[in-house]
Protein chains: 2
Amino acid sequence: MDIRQAARAAKTASIRLAACDPQIKQTALEAVATALDAEREKIVSANRQDLRISADNDLAPPLLKRLKFDDAKIDEVIAGIKSLINLPEPVCVTQSAIELDEGLELYRVSSPIGVIGVVFESRPDALVQISTLCLKSGNAVLLKGGSEAANTNRILADVIQKASEKAAIPAGWLQLLETREDVGAMLRLDELIDLIIPRGSNDFVRYIMENSSIPVLGHADGICHVYVDRDADLDMAIRIAVDSKCQYVAVCNAAETLLVHEHVAAEFLPALQEALSAREVEIRGCGKTREFIDVTSASEKDWQTEYLDLIVSVKVVDSLSAAVEHINTYGSGHTDAIVTTNRRSAAIFMNLVDSGNVFWNASTRFSDGFRYGLGAEVGISTNKIHARGPVGLEGLLIYKWKLLGKGQTVSLYADGSRQFTHKILKKDFNLI
Amino acid sequence: MDIRQAARAAKTASIRLAACDPQIKQTALEAVATALDAEREKIVSANRQDLRISADNDLAPPLLKRLKFDDAKIDEVIAGIKSLINLPEPVCVTQSAIELDEGLELYRVSSPIGVIGVVFESRPDALVQISTLCLKSGNAVLLKGGSEAANTNRILADVIQKASEKAAIPAGWLQLLETREDVGAMLRLDELIDLIIPRGSNDFVRYIMENSSIPVLGHADGICHVYVDRDADLDMAIRIAVDSKCQYVAVCNAAETLLVHEHVAAEFLPALQEALSAREVEIRGCGKTREFIDVTSASEKDWQTEYLDLIVSVKVVDSLSAAVEHINTYGSGHTDAIVTTNRRSAAIFMNLVDSGNVFWNASTRFSDGFRYGLGAEVGISTNKIHARGPVGLEGLLIYKWKLLGKGQTVSLYADGSRQFTHKILKKDFNLI
């Protein structure tokens, strides 16, 4: 089956999946969890094969670690499916109900988006997470994983397909793509695919964004800032700076640049240097910073760089406005924090920083779907439309307008024989 | 000022406009309404100039009519602004509030999208509507109107700019573009412009969609269907078919194709022919249709055509499923209606037809923001993300996550010293 046929099959399945009985979806998710448990041996053995080939090909150790899919990982994805089962049914939820006129009722109800294309790199758990999220939200899905994980992905997709289709989910709802050429082809299928979700490195996501006319949910960069205000509690500022930078350096919500108000620079910077040295973080500072601490010089390029490493750039600013302007110029609209005891400065910062997540006295690392209590996470978006910041299941949903009439025509309203009432109704859509 | 500078000025203004006091926006809208009223003479005289030039250039009469901006039109746009003033403030509305842990509160609040690019053809009232919608929702806007309306647009933009900026709206929030080259350049400014709203002919909208990597809100086609089910009340079906086709033929929510269940074809089609002949509608039928009534033959191309004219294609189908499949194959995901007395058939149709608007026993012409009671209408979208169907002010909004802490770091949660509470809060975000 070529990619266009696969996408067409997914599109066909998506129509019936969108109208699928919630109980069937729940049963199917149970069946997928059971099947993953039952097929552990096959899955782990396929993964061992992938690990062996990748080790022979000298894949870097961190990538080998991401590729590994063992019993513990299987337990994790099964636990994920169980918590997904516990979430309320997301489809056909009434969002608004209005009587346009007597006997003419308009409902806005949630509906699946349709066909989602997911491209991810080495981690096979992404395949399980995203496909079960799509199933719960009634979306068909095209999956393309990293070639290093080809054997693992093949068995996982097969297990999920078989278990779900046996539980009466429309056949064809999940399609596994296997070649790099398939990705290129998929990115051009804008009449069949409604949304692309890329998971993986930033370069990879940027490549996807630049090569598709299909909407993409995600973020290419995570250049996050911590601004230490003139009214900051400096001990707190150290704790937040260290956590934001060091708690996990390789992730999008780690801080890359610290902005420091000049009034507190003399006191704060030496303490910061001490705390970050203990964590082996390299500091690159602006000219002003280097008047206070002995660090290498930061260039214009540093403000634009997501290090994803034990490196941080530091800039001294002369005002809250200057901090906001720096963030809006160099940031990626992901997550930015202010440390201050001044409520008004916090309010200004949170209003004027044009990012999906703006924090007062908290680490940038909190920017995450699980920590936000969203349940399962689809991804983190720096888009300005549809969904922004950490995105839960609702990122896979849109809505549909349903109008129930008794034969009304517009001509009667156009000639003034009838008037709209536009009365809000307190009831849910329910036709059968 | 070139287009990139204009967009950059709009971007800068957008940051402050997003945080603008609601009262200032209301005062500015009042000032715009007053100024439009005060400058009637200038506006009408500029428009007369445009009309004269266009008449000399042999612009078609329907386009001249759309270009006309007289006292009555000014009254209309002023009334529109008054009703916009009466809508509740849309920005910084709390959408969710959750306690992540004691003293760590997360709020999702509505926020403007940022910079909106609007491209419209001859109607100058679109300039006033869209710019005031953007003002109310806190978005900066780049406007490009039809060149036939150049003088009218220039004075309108000038009046709105001056009145709003005098009322303390950040300068630069509204930019008028004047050349066709500007549009091409604007479509490439994806780092400065967040959303494009094209208003105008379908070919025009399709051109915009195909030539920009910026998200576009709108619809290229409006191929709407009325399906007359085997259980239809046939008198009602005639009324709905006639209204859907004829009430206003040149619009996107007019029906282009009627699907008729074979069980009712013999009775329905002659009555339909009679009703549509009276309205001078040309019928193009499939083979089966032509067994019942004497009409020209419909080709494959007819099912794909938005006539926007007194022409309708008719197809006899053998089942509800065949109707659904025809609509999902040839429709544009805009608006489709079923006429039936069978509640179950209606439910199936409304679940399986993959369109933004699905109607039971009502004319497709109801698909409209004003009729839906949305207040001001931004446009009608056939997108599958962000906003679908008629879009009100909320189409110009996204949200921002605001986290209020007391110095919390993620490391404490990662090592298990603290647990998230994820308790829903019943309060609104309020920092000052």
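**Close-up views of helix packing, domains and chain pairing**

**View 1. Helices α2 and α5 of chain A.** In this predicted model, α2(A) and helix α5 (residues 71-86) of chain A pack at an angle of about 170°, with their axes 10 Å apart; axes here are lines fitted to C-alpha atoms, for helices over the stretch in contact, and angles run from 0 to 180 degrees between N-to-C directions. That angle makes α2(A) roughly antiparallel to α5(A) (under 35 degrees counts as roughly parallel, over 145 as roughly antiparallel, 65 to 115 as roughly perpendicular and the rest as oblique). Helices (H or I, at least four residues) and strands (E, at least two) are DSSP runs, numbered from the N terminus. Among the residues of α2(A) that meet α5(A) are Leu29(A), Val32(A) and Leu36(A), and the α5(A) side includes Ile74(A), Ile78(A) and Ile81(A), where contact requires C-beta atoms, placed from the backbone, to lie within 7 Å. The residues of this contact divide into 10 nonpolar, 1 polar and 3 charged; Ala, Val, Leu, Ile, Met, Phe, Trp, Tyr, Cys and Pro count as nonpolar, Asp, Glu, Lys and Arg as charged, and the others, Gly among them, as polar.

**View 2. Helices α2 and α7 of chain A.** The axes of α2 (residues 22-38) and α7 (residues 150-166), both of chain A, come within 8 Å and cross at roughly 140°, which makes α2(A) oblique to α7(A). Ala28(A), Ala31(A), Val32(A), Ala35(A) and Leu36(A) of α2(A) meet Val159(A), Ile160(A), Ala163(A), Ser164(A) and Lys166(A) of α7(A). By class, this contact has 8 nonpolar, 1 polar and 1 charged residues.

**View 3. The two domains of chain A.** The domain assignment, which is automatic or from a database, gives domain 1 (3-93 + 111-217 + 386-396) and domain 2 (224-366) in chain A. Taken over C-alpha atoms, the centres of these domains are separated by 36 Å.

**View 4. Chain B against chain A.** A rotation of 180° with 0.0 Å of shift along its axis superposes chain B on chain A, with an RMSD of 0.0 Å, the copies being fitted by least squares on the C-alpha atoms of residues with pLDDT of at least 70 in both. That is the relation of a two-fold axis, and in chain B the C-alpha nearest the axis, 1.9 Å from it, belongs to His386(B). Contacts join 63 residues of chain B to 63 residues of chain A, and β16(B) gives the largest share of the chain B side, 11 residues.

**Notes.** Residues are numbered from 1 along each chain as its sequence is written, while chains are lettered from A and ligands numbered from 1 in the order in which they are written. Local features need pLDDT of at least 70 and side-chain atom pairs count only at pLDDT 80 or more, whereas totals for chains, interfaces and linings use all residues.

Methods:
Contact = placed C-beta atoms within 7 Å.
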